[in-house]
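Notebook open, structure loaded. I want to go through it piece by piece and jot down what I look up.

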Amino acid sequence: MLRPFWLLSLAALLAACGGRETRPSPPAPEPVVTPAPAPPPVRIGLALGGGAAKGFAHIGVIKMLEANGIEPAVVAGTSAGSVVGALYASGMDAFALQERAVALDEAKIRDVRLFSGGLVQGQKLQDYVNAQVDSRPIERLKLPFAAVSARLDSGERVVFTRGNTGQAVRASSSVPGVFEPARIGGHSYVDGGVVSPVPVDAARQLGADLVIAVDISTKASGTAPEDMLGIVNQSIAIMGRGVGAQELGRADVVIRPEINDIGPADFARRSAAILQGERAALAALPRIRARIAELEAQRAAALAPRPVEPAEACDAGWIHALNPFRKDVAACTRSQGRNDARR
């Protein structure tokens, strides 16, 4: 009696299943490999320190960097570093800088005036720099540039990134007791070496990812200088030693040319200073390249694609309807859309 009933029920179920439309599950989409975007190039900044005639060493450093394909994107300078930095930021390459250095006549940048707060007025230095950069203001130079100075009334560090290029360099180079303080906007400014001997932080402010600092400051040698400029220069170096050491610690690479035997007024040894700059930069190249590679690897890792959730096939057929853990069709479609967007 039960057997015919069971057979009848089974026949009815099969008939019901056969009458419902069955759609095969769509094949899982093949993964799409999208290459990761190229990381932006590392922005290299130069921080050129002060040191009067020792500043010719900066030219040698720039020569060696350029010769090895390392091109700074921003430049910051203090005192003598601001002079070289301004000319380099204007678009001159290292060989043009060296030509200017060899042809430089001290009389073109020295205007002595007694009993005026300093031996040198500084106007000639300002005019010389403006002539070399074609009277362009800082914001119109080829590279972003900053000159660092100190406000005489407050001791505040001031970073010039706009305005008269020669005037900013003059303010950054006004060694107390040697140059008259530079007057800008109603304030007096003196040599930036008092507050920032090597302007690493200013280079960071300009957007540098990697800062190469060039330290040409006088190191204590156990003997006191006898000329006035030497005394003043070493005094500034001593005053700025604590602050300068902290700032140098924030640089990625520090280059120190061997120029302690060159005096701050020893312009006759400019070629020797340039050569020492080349040698010091050459020795620093492995550290510079390693740091660039490290930053590039970090950026590439940050841009690498994230793992994508496996795609779930959406099926509105009767088999999908019997799954107690199913998603509704709209939710499944949204999930696939998110995965496709991630790819």
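Before the helix pair, a note on terms: axes are lines fitted to C-alpha atoms, for helices over the stretch in contact, and angles run from 0 to 180 degrees between N-to-C directions. Helices (H or I, at least four residues) and strands (E, at least two) are DSSP runs, numbered from the N terminus.

I also note that this is a predicted model, where local features need pLDDT of at least 70 and side-chain atom pairs count only at pLDDT 80 or more, while totals for chains, interfaces and linings use all residues. Residues are numbered from 1 along each chain as its sequence is written, and side-chain values use heavy atoms, with hydrogens and water left out.

**Entry: helix pair**

I looked up how α2 and α3 pack. Helix α2 spans residues 57–67 and helix α3 residues 80–89; their angle is about 40 degrees and their axes are 10 Å apart. The two are therefore oblique to each other. For the cut-offs, under 35 degrees counts as roughly parallel, over 145 as roughly antiparallel, 65 to 115 as roughly perpendicular, and the rest as oblique.

Which residues make the contact? From α2 I get His58, Ile59, Ile62 and Glu66, and from α3 Gly81, Val84 and Tyr88. Contact here means heavy atoms within 4.5 Å. By class, I have four nonpolar, two polar and one charged residues. The classes go like this: Ala, Val, Leu, Ile, Met, Phe, Trp, Tyr, Cys and Pro are nonpolar, Asp, Glu, Lys and Arg are charged, and the others, Gly among them, are polar.

**Entry: annotated site**

Next I checked the record. An unreviewed UniProt entry carries the annotation "active site" on Ser79 and Asp191. They are spread over 113 residues of sequence, yet they cluster in space, with a largest C-alpha distance of 6.0 Å. UniProt positions are in the numbering used here, feature names are shortened, and annotations may be inferred rather than shown by experiment.

Serine 79 sits in the loop between β2 (74–78) and α3. Is serine 79 buried or exposed? Serine 79 is buried, at a relative accessible area of 7%; the cut-offs are under 20% for buried, over 50% for exposed and partly exposed in between (1.4 Å probe, protein chains only). Its phi is positive, about 55 degrees, although serine 79 is not a glycine. Leaving out residues up to four places away in sequence, serine 79 touches Gly50, Ser172, Ser173 and Asp191.

Aspartate 191 belongs to strand β6 (residues 187–191) and is buried too, with a relative accessible area of 4%. Apart from neighbours within four places in sequence, I find aspartate 191 in contact with residues including Thr78, Ser79, Ala150, Ser172 and Pro176. The side chains of aspartate 191 and serine 79 make a polar contact at 2.7 Å. That term means a pair of N or O atoms within 3.5 Å; within protein, one must be able to donate a hydrogen and the other to accept it, and residues adjacent in sequence count only if both atoms are side-chain atoms.

**Entry: helix α6**

Ser172 came up above, which took me to α6. Seven of the eight residues of α6 (residues 165–172) are buried, so this helix is largely enclosed by the rest of the structure. The buried ones are Thr165, Gly166, Ala168, Val169, Arg170, Ala171 and Ser172. What caps the N-terminal end of α6? Asparagine 164 does, with a side-chain oxygen 3.1 Å from the backbone nitrogen of glycine 166.

Serine 196 lies in the loop between β6 and α7 (200–205) and is buried at 0% relative accessibility. Beyond residues up to four places away in sequence, serine 196 touches Thr78, Val148, Arg157 and Glu247.

Serine 135, in the loop between α5 (123–132) and β3 (145–151), is exposed at 56%. Its phi is positive, near 60 degrees, in a residue other than glycine.

**Entry: leucine 248**

Leucine 248 is in helix α9 (residues 241–248) and is buried at 11% relative accessibility. Its C-alpha is 7.2 Å from that of alanine 213, 35 residues apart along the chain.

**Entry: whole chain**

Of the 343 residues, 44% are buried. Among contacts between residues at least 6 apart in sequence, 76% join residues at least 24 apart.
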